[in-house]
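Hi,

Here is the structure I said I'd pass on. Have a look at it first, then read my notes below.

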Amino acid sequence: MARILITSAIPYINGIKHLGNLVGSQLPADLYARYNRARGNEVMFICATDEHGTPAELAAAKAGKPVEEYCKDMHAVQSELAEGFRLSFDHYGRSSSQRNHGLTQHFAGKLADAGLIEEIIETQIYSNTDGRFLPDRYIEGTCPNCGSEDARGDQCEVCTKQLDPTDLINPRSAISGSTDLEVRETKHLYLRQSTLRDQLDQWIDSKTDWPVLTTSIAKKWLHDGDGLRDRGITRDLDWGIPVKRGTEDWPGMEGKVFYVWFDAPIEYIAGTAEWADANGKTDADWERWWRTDKGAEDVKYVQFMGKDNVPFHTLSFPATIMGSGEPWKLVDYIKSFNYLNYDGGQFSTSKGRGVFMDQALSILPSDYWRWWLLSHVPESSDSEFTWDNFQTSVNKDLADVLGNFVSRITKFTRSKFGEEIPAGPAYGPAEQAVIDALQTRLSAYQTFMETMEIRKAANELRAIWTLGNEYLQDAAPWSKFKEDPEAAATSVRFALNLIPFYAVLSEPFIPDAADTMLTAMNAPSNWPTDAASALSALPAGHAFTVPDVMFAKITDDARDDMQARFAGKS
Ligand SMILES: [Zn+2]
């Protein structure tokens, strides 16, 4: 039994995520977690909300709530949506937890002990009207690069250039709109990442199995231009983790907090500690996943994320871990994704363009979305959601192939043989041919699931469903029944045994439908060791029930309505 630690990039707290966010980390991570559990591996699957930073404070102000209350409420909303999509996290934590406070302060202390933290006096913009510093998004103004008048202190959304607040022309406070601003000196902590460059370089070189997309991004950040730059890890804000050196106060840093990018990835560890707290476990129980001196040396750690998150996960977070000098677990494999576009453009929160997680669940069951998103996951390039493609995929793969197979054979059996599996003679050459084909597909499916080639895995699964339909068409027990009811019984027994086989293999993609199939067949969820024994698992006389319609087709009218509804305003 292998031990697999899985983390999904943690979604930011402000607002509900769209389907592109979902398929860019959480959903494929869930697929991998479910598959490994089904194979009998010990899995720890952690995600959390990313709650610090200025966007949370600004969103809370807009919602008229104190930021703590806003984050608590939004965490509950995001948790409920995660459950709706059947994301099987062992724990869905919060980066504002006391566990993350403690661990973030601990890492900062260790990094300081190792000489990797520098105190730097810098200039920041201070608002006299607001009585506070204005870091990042608290300041807006004209972009020096493209002239957009709504650039933020951290980035211009129009031209995507990364900015410092002092770069902005005609700056104003995002809180009050005040232009009564001045430049003041303030002290901040910097992580001396540049001194870890060679160590990071060697570590990345050792990852020969990583996709080129991942290593090339990391190498570019390590070597292009000035190379890896030291980064500020503190901010003049109220909301966040107070700056401490371990458990001690940090002289000169009173009233400051750690910058969100520093504490967010540490939440992967803290989230596992939160799991232990929530389940009556001990520190040893979570440390055996994260400390190679406390049992984690045999853990395989896999991270899932969008490509924009790769630099943080290949450089900054490993720098924190390596720099601590302590034996924390480093990532073994990074699965990164391109972007999902929406119907000829991009998802847009401000324009209400595209389908968001809450809307998706209000229209159709989660399995429909899971199947389309995972079978079209943007692996090797960006991919695009269109309503045509979604309708075709649901109607063909789920309704016509899988759903129809289950419905047709269970209803036919009930009408001719009653609600138990009929006997009939042993399987013949027709059944053996299907078993052989399924065995080949099963091996391929397992390989693709293990190597996280998700589209290829989906193709194998679809082909496995199709084999059953083709068998049923050829065997045609409904036409055989009158002349040779014994032969029809054998075909039926074989086809009914396919249902739990399908259920178990499909569960990582469509868990609700899998559950319906297993319940209807009164069958346990056992991963097949080989196709032959799996297809003889249910004996003659085994009772079953006919399930309700598993997948309703999407009509052309419904498709057109949904397309119009989510087109957004221009
Ligand atoms: Zn710009």
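Predicted model: local features only at pLDDT ≥ 70, side-chain atom pairs only at ≥ 80, totals over all residues.

Let's start with the zinc ion. Which residues hold its protein donors? They are C143, C146, C156 and C159, each through its SG atom, lying 2.3 Å from the zinc ion. Along the sequence, these donor residues follow the spacing C-x2-C-x9-C-x2-C. The angles between the 4 donor atoms run from 106 to 115 degrees, so the arrangement is tetrahedral.

C146 has 38% relative accessibility, so it counts as partly exposed. C143 has 2%, which makes it buried.

Next, the sheet. It is an open one built from 4 strands in the order β5-β4-β9-β10, with antiparallel pairing. Because β5 (132-133) and β10 (231-232) sit at the edges with a single partner strand each, one side of each has no neighbour in the sheet. One example to find on screen: Q124 has R184 in β9 as its bridge partner.

Last stop: R235, which belongs to strand β11 (residues 234-235). Is R235 buried or exposed? With 14% relative accessibility, it counts as buried. Its side chain makes a polar contact with the side chain of D136, at 2.9 Å. Leaving aside residues up to four places away in sequence, R235 also touches others, including H188 and Y259.

Cheers

Notes: Residues numbered from 1 in each chain as written. Heavy atoms only, no water. Donors = N, O, S within 2.8 Å, 3.2 Å for Na, K, Ca; no water. Tetrahedral: all angles 85-135°; square planar, octahedral: opposite > 155°, others 65-115°. Buried < 20%, exposed > 50% of the residue type's maximum accessible area, 1.4 Å probe, protein only. Helix = DSSP H or I, 4+ residues; strand = E, 2+ residues; numbered from the N terminus. Polar contact = N/O pair within 3.5 Å; in protein donor to acceptor, adjacent residues only side chain to side chain. Contact = heavy atoms within 4.5 Å. Pairing = 2+ DSSP bridges.
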